[in-house]
Amino acid sequence: MSLNEVAIESREPIEIRGMTERDLDEVMQIERMSFPTPWSRRLFERELLMPYAQAFVAVEFPPGKVLGYLCFWLVARETHILNLAVHPERRRRGIASRLLRFAVDYSREKGTEEIILEVRRSNYKAISLYQNFQFQPQGIRPRYYSDSGEDAVIMGLRLAKQTSATSL
Ligand SMILES: CC(C)(COP(=O)(O)OP(=O)(O)OC[C@H]1O[C@@H](n2cnc3c(N)ncnc32)[C@H](O)[C@@H]1OP(=O)(O)O)[C@@H](O)C(=O)NCCC(=O)NCCS
């Protein structure tokens, strides 16, 4: 399936922009509702300061309520997706797909060759999302998540060096 066939258009009127410290109250609310072991506020603050760390929010347009976010590192031609979440009341409307599409485009512009991430083995929603973007399973990190002892599935997407009608 080519990306053109993937339904990535959000049904929400949203815009994607860089995360700032002013977003962190809303981001933290979503984070706590989304993960058994949420990131701390301090961790988000640190991400906002690190030069290789990128953080973006999807905001309602208007009036600007934060609906989701994506954090990744861009190091040595590799993008590592570290965090992605959407407000529970606004899920299944294409917002994560928009954020991921943004990260793929951004990464390619910066010369990334591969995007990688870890996902809980049981997180079929996220795995399905990544499969829509043609991420492939690359291995398992046994008992990666200390809260539950669950394995992580490593998933990767190699980016084509040149864009074409069928490449990502
Ligand atoms: C995973 C998550 C980010 C998806 O966000 P979303 O905005 O609802 O995702 P989208 O609407 O863009 O959905 C894209 C695809 O994801 C998959 N998906 C999302 N929700 C799903 C669900 N409830 N059941 C099955 N598949 C689902 C589907 O493949 C979907 O494509 P489709 O609608 O064409 O079937 C969201 O559920 C979330 O925040 N979960 C908690 C945090 C988390 O698990 N983050 C990922 C960490 S690796």
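Of the 168 residues in the protein, 25% are buried, a residue being called buried if 20 or more other C-beta atoms lie within 10 Å of its own, exposed if 12 or fewer do, and partly exposed in between, with C-beta atoms placed from the backbone. The model is a predicted one, in which local features need pLDDT of at least 70 and side-chain atom pairs count only at pLDDT 80 or more, while totals for chains, interfaces and linings use all residues. Residues are numbered from 1 along each chain as its sequence is written.

The protein has four helices and seven strands, where helices (H or I, at least four residues) and strands (E, at least two) are DSSP runs numbered from the N terminus. Read from the N terminus on, these elements follow the order β-α-α-β-β-β-α-β-α-β-β.

The seven strands make an open sheet with mixed pairing and the order 1-2-3-4-5-7-6, two strands being paired if DSSP finds at least two bridges between them. Strand 1 (14-18) and strand 6 (136-141) stand at the edges and have a single partner strand each, so one side of each is left without a neighbour in the sheet. Neighbouring strands of this sheet are turned by 25° against each other on average, direction ignored; for such angles, axes are lines fitted to C-alpha atoms, for helices over the stretch in contact, and angles run from 0 to 180 degrees between N-to-C directions.

Within the sheet, strand 2 (residues 53-60) pairs with strand 3 (residues 66-75) in the antiparallel sense over seven bridges, and Val59 has Val66 of strand 3 as its bridge partner. Strand 3 and strand 4 also run antiparallel, joined by eight bridges, with Tyr69 bridged to Ala85 in strand 4. These two strands form a hairpin with two residues between them, and Ala76 in the turn has a positive phi of about 50°. Strand 4 and strand 5, by contrast, run parallel and are joined by four bridges, Ile81 having Leu117 of strand 5 as its bridge partner.

Helix 3 lies across strand 1, strand 2, strand 3, strand 4 and strand 5 (114-120), running at about 25° to strand 3. Leu99 is in contact with Ile16, Phe56, Ala58, Gly68, Leu70 and Leu84, its neighbours within four places in sequence being left aside; contact here means that the C-beta atoms of two residues, placed from the backbone, lie within 7 Å. In the largest nonpolar core, which has 33 residues, Ala58, Tyr69 and Leu99 touch the most other members, such a core being a set of buried Ala, Val, Leu, Ile, Met, Phe, Trp, Tyr and Cys residues joined through C-beta atoms within 7 Å. Among the elements that each supply at least two residues of this core are helix 1 (24-34) and strand 7 (152-158).

Thr79 lies in strand 4 and counts as buried because it has 24 C-beta neighbours inside 10 Å. Not counting residues up to four places away in sequence, Thr79 touches Phe72, Leu74, Ala103, Ser107, Thr112 and Ile115.

The ligand is surrounded by 19 residues, of which the closest are Arg91, Ala96, Ser97, Ser128 and Leu129; a residue is near a molecule if its C-beta atom, placed from the backbone, lies within 6 Å of it. Strand 4 (78-86), helix 3 (95-109) and helix 4 (124-132) each supply at least two residues of this shell, and the largest share, five residues, comes from helix 4.
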